[in-house]
Amino acid sequence: MPTHALKRPTLLALCACVLVAQSMVAAINLLIPQLSSSSLHPSHTEILWTVDAYVIVFAGLLVPAGALGDRYGRKGALLTGLALFAAGAATSALATGPAVLIAGRGLSGAGAALITPATLSVLMQLSAPEHRARSMGAWTLSIGLGGAAGNLGGGLAGQFLTWRALFAVMVPLAVVLAAAVSITVPRTEPATRSSPDPLGTLLLTAGLVAILFGIIEGPTYGWSSVRILGAFAAGALLIAAFTTHALRSAAPLFDPRVFASARLRAASLGTATGFFGLFSLFFVNSQYLQGVKGFGAAVTGVAILPLVFGMAATQRLATRWADRPRAVIGAGLTLIGLGLLGASTADARTPYAVFVCWLLVISAGAGLSMPALTIGVVTSLPAHQAGLGSGLGTTARETGAALGVAVTGTVLSGHADLLDGMGPALRTVGVVVLVATALVIAGYGKRPEGARGSAGPAAAAGRARAAHHTPAHGERPAPLGRDAGR
């Protein structure tokens, strides 16, 4: 398959897939009141797991799912992911008890873990180097659209339908997407040098799940509780075991020395930072609009849509300035931090129009920075491991999102109500975003003319040529990404 064969129908199908997968992260939040009073009679803990199961499984499986797509076929991984996503949605829609509902959410999360890296990997394989920034812009915009669509869909279902309807509609939607993928998406050549590495996959997945559990459940059980400290300790030990195994293995899931690249570390931190800020906003946004401003669930879903407009408006700028990643990323993340500080001033008397201005600042920052950050992560690895790179980037994204919700929830829990705690919570997150932005900018450093690791066509083409080199029998591949930070 030629590498420069991305057609518009293919791009639309891939972006629609990631939009739908991302939408189910947020949609459930607006259905919590209805679920709590439903015939399933879920406990508070079961409600939390209904929300969290999707995210934990999704983020925990992203890296191995991306590697599996690279090894066995990206189109096949995408179609399998859509099938699992539909099966999970059907299970949730037909759930007769909380345990079945949670299991369905987890199954859909596993499908999303296959869908997301596969879509980005196909884009990287089919896009010409000079068009990759535009493709990444469309892909990251789809993530933002997914969040907005999830809020809107959850709000509409919560006000006019039932929670089962939201899951039920995902089944035919996934079928339609699978048909579109089958028709429009070509098969790309699998990476013969990638390895499934069952032991490494088990260690890394278990470690990520343990850490994500600790982050997500920390505000509920207390950060110093035995359960949370045990989760963090288990996660650290499992990831250390994975690192030891990968460094000794002749065919690891991925070489941990890839993180010797300052560019990859900075791009991963920037991705996590952006979503740390965004999901802190998402966590309080719907509560503020409904509980303080008095909006209904459906109106709240519509009121969040300006976030999409800000991202869409800056996508063209992000594409035009793709050869200046340090400036674009620094400006975008700074806008997110400043927008959060501005939003922290909102109270019951703040007009919606003023609040929307801060939403636009935050979303403009996300639209400006996220395409360059995505490219920074994916192109730090060889082209044949684009799925793995996407998995790493999306893991950073989801981990940052989980941290944003956890930190915001922790700050809120120390105040009497949402209105009293919203300002301090958003200010805390805004300051953290600005501090992390300084670290990201320092990690990117000044880009010399012609430096590798940029999003420029020459660098991307060079990495694509290098990816075709096949080591001799028994030769261990060189550590990945070592040049990316130069």
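The side chains of aspartate 347 and arginine 349 meet in a salt bridge, with 3.4 Å from N to O, where a salt bridge is a side-chain nitrogen of Lys or Arg within 4 Å of a carboxyl oxygen of Asp or Glu. The structure holds 1 salt bridge. Aspartate 347 counts as partly exposed because its relative accessibility is 24%, whereas arginine 349, at 72% relative accessibility, counts as exposed; in these terms buried means under 20% relative accessible area, exposed over 50%, and partly exposed in between, with a 1.4 Å probe and protein chains only.

The model is predicted, so that local features need pLDDT of at least 70 and side-chain atom pairs count only at pLDDT 80 or more, while totals for chains, interfaces and linings use all residues. Residues are numbered from 1 along each chain as its sequence is written, and side-chain values use heavy atoms, with hydrogens and water left out.

Taken as a whole, the protein chain has a secondary structure of 17 helices and 0 strands, these elements being DSSP runs numbered from the N terminus (H or I over at least four residues for helices, E over at least two for strands). Of the 486 residues in the protein chain, 57% are buried. The chain exposes about 18700 Å², of which carbon and sulfur atoms supply 68%, the areas coming from the Shrake-Rupley method with a 1.4 Å probe and, for residues, with only the protein chains shown counting as cover. Among contacts (heavy atoms within 4.5 Å) between residues at least 6 apart in sequence, 83% join residues at least 24 apart.

Several helix pairs can now be followed in turn. Helix α1 (residues 8-26) packs with helix α4 (residues 74-93) at an angle of about 35 degrees, their axes 12 Å apart; axes are lines fitted to C-alpha atoms, for helices over the stretch in contact, and angles run from 0 to 180 degrees between N-to-C directions. The crossing of α1 and α4 is left-handed, a term that applies if the near helix is turned anticlockwise from the far one by less than a right angle, with right-handed used if the turn is clockwise. On the α1 side, Leu14, Cys17, Val20, Ala21 and Met24 meet Leu78, Leu82 and Phe85 of α4. The residues of this contact divide into 8 nonpolar, no polar and no charged, where Ala, Val, Leu, Ile, Met, Phe, Trp, Tyr, Cys and Pro count as nonpolar, Asp, Glu, Lys and Arg as charged, and the others, Gly among them, as polar.

Between α2 (32-36) and α3 (44-72) runs a loop that holds histidine 41. Phi of histidine 41 is near 50 degrees, a positive value in a residue other than glycine, and histidine 41 is exposed, with a relative accessible area of 63%.

The axes of α3 and α8 come within 9 Å and cross at roughly 150 degrees, and this crossing is right-handed. The α3 residues in the contact include Trp49, Asp52 and Ile56, and those of α8 include Leu208, Phe213 and Glu217. Here the residues divide into 15 nonpolar, 5 polar and 2 charged. Helix α8 (residues 198-221) also contains glycine 218, which counts as buried because its relative accessibility is 0%. Leaving aside neighbours within four places in sequence, glycine 218 is in contact with Phe213, Trp223 and Ile228. The C-alpha atoms of glycine 218 and isoleucine 228 are separated by 6.1 Å, although these residues lie 10 apart along the chain.

Apart from neighbours within four places in sequence, methionine 370 is in contact with Thr140, Gly270, Thr271, Gly274 and Phe275.

Glutamine 287, in helix α10 (residues 262-292), counts as partly exposed at 33% relative accessibility. Not counting residues up to four places away in sequence, glutamine 287 touches Val292 and Leu418.
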